[in-house]
Amino acid sequence: MSMSWASPEDIYLSTSLASYLDKKLLVLLRDGRKLLGTLRSFDQFANAVLEGACERVIVGEIYCDIPLGLYIIRGENVVLIGELDVDKEELPPHMTRVPEAEIRRAQKAEREATDLKGTMRKRMEFLDMD
């Protein structure tokens, strides 16, 4: 019979996540997505289950919370976890909530502008003859 021992880091991670059980959290993922939801479960690898989860998409001064429902997050994708204060306003007053279709259009426009800037930078590097 083999036994598996948890490292001190695993134990610390588990106990620190335990304090967030049943609380509303903001989870920042490696790909930049921001998820909100109530932590219902986790394991020693920081895999987590969020209930009532949504993805908060922010473009400039507009945002949209896209419902995801029950959501499982692989621990290796988590960059940051923070508890949300349910009594406080989550976003500054100048932020405007918009429908999902509008935020998707804004995301696409932002992505295209970033791609164009990258393309222009590459073309300008060609002219740089240090």
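Two strands are said to pair if DSSP finds at least two bridges between them. Strand β1 (residues 24–29) meets β5 in the antiparallel sense over five bridges, and within this pairing leucine 26 has glycine 82 of β5 as its bridge partner.

This is a predicted model, in which local features need pLDDT of at least 70 and side-chain atom pairs count only at pLDDT 80 or more, whereas totals for chains, interfaces and linings use all residues. Residues are numbered from 1 along each chain as its sequence is written, and side-chain values use heavy atoms, with hydrogens and water left out.

### The chain as a whole

The protein chain has two helices and six strands, where a helix is a DSSP run of H or I with at least four residues, and along the sequence these elements follow the pattern α-β-β-β-β-β-β-α. The pLDDT, which is the predictor's confidence in each residue from 0 to 100, averages 85 over the protein chain, and 85% of the residues score at least 70. Over residues 1–6, however, the pLDDT is below 50, and beyond near neighbours in sequence this stretch has one contact (heavy atoms within 4.5 Å) in the model.

Of the contacts in the protein chain between residues at least 6 apart in sequence, 51% join residues at least 24 apart. The protein chain exposes about 9,600 Å², of which carbon and sulfur atoms supply 56%; accessible areas come from the Shrake-Rupley method with a 1.4 Å probe, and for residues only the protein chains shown count as cover. Buried residues make up 25% of the 130 residues in the protein chain, where buried means under 20% relative accessible area, exposed means over 50%, and partly exposed lies in between.

### Selected residues

| Residue | Relative accessible area | Class |
|---|---|---|
| Aspartate 65 | 14% | buried |
| Cysteine 54 | 14% | buried |
| Cysteine 64 | 6% | buried |
| Serine 41 | 33% | partly exposed |

Aspartate 65 lies in strand β4 (residues 62–73), and a polar contact of 2.7 Å joins its side chain to that of arginine 56. A polar contact is a pair of N or O atoms within 3.5 Å; within protein, one must be able to donate a hydrogen and the other to accept it, and residues adjacent in sequence count only if both atoms are side-chain atoms. Leaving aside residues up to four places away in sequence, aspartate 65 touches Cys54, Glu55, Arg56 and Arg97.

A search of the whole structure finds zero disulfides, a disulfide being a pair of cysteine sulfur atoms within 2.5 Å. Cysteine 54 is accordingly in no disulfide, and the nearest cysteine sulfur, that of cysteine 64, is 8.8 Å away.

Serine 41 belongs to strand β2 (residues 34–42). Not counting residues up to four places away in sequence, serine 41 touches Leu21, Asn47, Ala48 and Val49, while serine 41 and glutamate 51, ten residues apart in sequence, are 9.3 Å apart in space from C-alpha to C-alpha.

Methods:
Buried means under 20% relative accessible area, exposed over 50%, partly exposed in between (1.4 Å probe, protein chains only).
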